[in-house]
Amino acid sequence: MFDRFANVIIRILAFVFFVLILAFLFHRASGIGYAVFADKPHDATGTAPECIVTVTENEKLLDIAKDLEKNGIVENAYISALAFRSMEGYDRIRPGEYILTASMRPSEIMDKLTEEGETEGPTNDQQTTGN
C-alpha cells in the first residue's frame, strides 16, 4: 500500500515539475519574441552619444549586429539580428559608414542602413530659402 502511495506521489511531483519547466520555457520564449518584435530603442532617454558604424560589402547580418552591440547601440546582437531579419529590406543593406545612436529604434537603424529613410531631393529648408 505504501509503495503504491509513494508511486502516485512521485508521478504527481514529476508532472508538476514538468508543467513548471514548460511554464518557465514559455515565459522565456515570449520574452525573446517580445524583444525581437517590440521595436524599442536600447536607450530610450535620447541622450545616447552618436557612434560611427562601418558596414563592409557582403557583411553578414549577425556581424553587423555584433558591431552595433560592441558600440552600445543595441543590447543583444542575436536578438537584434533576428529583429533585422524580420524587417523588410534586410537584404538591401548597403556598405558604408553610418552615424547611429542607442536611442534609435531597430526600424530606424534599418532605414539608415538601407538608406530608405533618406530623400534624394532638396530638403524643405532648401526649397523655401532657394539654396
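Predicted model: local features only at pLDDT ≥ 70, side-chain atom pairs only at ≥ 80, totals over all residues.

User: Which residues of helix α4 are buried?

Analyst: An α-helix has 3.6 residues a turn, so residues three or four places apart point the same way. Buried means under 20% relative accessible area, exposed over 50%, and partly exposed in between (1.4 Å probe, protein chains only). Helices (H or I, at least four residues) and strands (E, at least two) are DSSP runs, numbered from the N terminus. In α4 (residues 106-114), the buried ones are P106, S107, I109, M110, L113 and T114. They line one face of the helix, because they fall within an arc of 155° seen down its axis; the arc is that of the directions from the helix axis to the C-beta atoms.

User: What do the buried residues of α4 pack against?

Analyst: Their partners are β1 (51-55), α2 (61-70), α3 (77-85) and β2 (96-100), with contact meaning heavy atoms within 4.5 Å. After α4 comes E115, with a positive phi near 60°.

User: How many salt bridges does the structure hold?

Analyst: A salt bridge is a side-chain nitrogen of Lys or Arg within 4 Å of a carboxyl oxygen of Asp or Glu. The structure holds one: E108 pairs with R105, their closest N and O atoms being 3.4 Å apart. E108 is partly exposed at 30% relative accessibility, and R105 is partly exposed at 33%.

User: Where is T101, and is it buried or exposed?

Analyst: T101 sits in the loop between β2 and α4. Its relative accessible area is 11%, so T101 is buried. Leaving aside residues up to four places away in sequence, T101 touches A48, P49, E50 and I73.

User: Which helix holds V16, and how exposed is V16?

Analyst: V16 lies in helix α1 (residues 2-37). With a relative accessible area of 40%, V16 is partly exposed.

User: Which residues of α3 are buried?

Analyst: They are A77, S80, A81, A83 and F84. Their arc around the axis is only 160°, which puts them on the same side of α3. Their cover includes α1, α2 and α4.

Key
Residues numbered from 1 in each chain as written. Heavy atoms only, no water.
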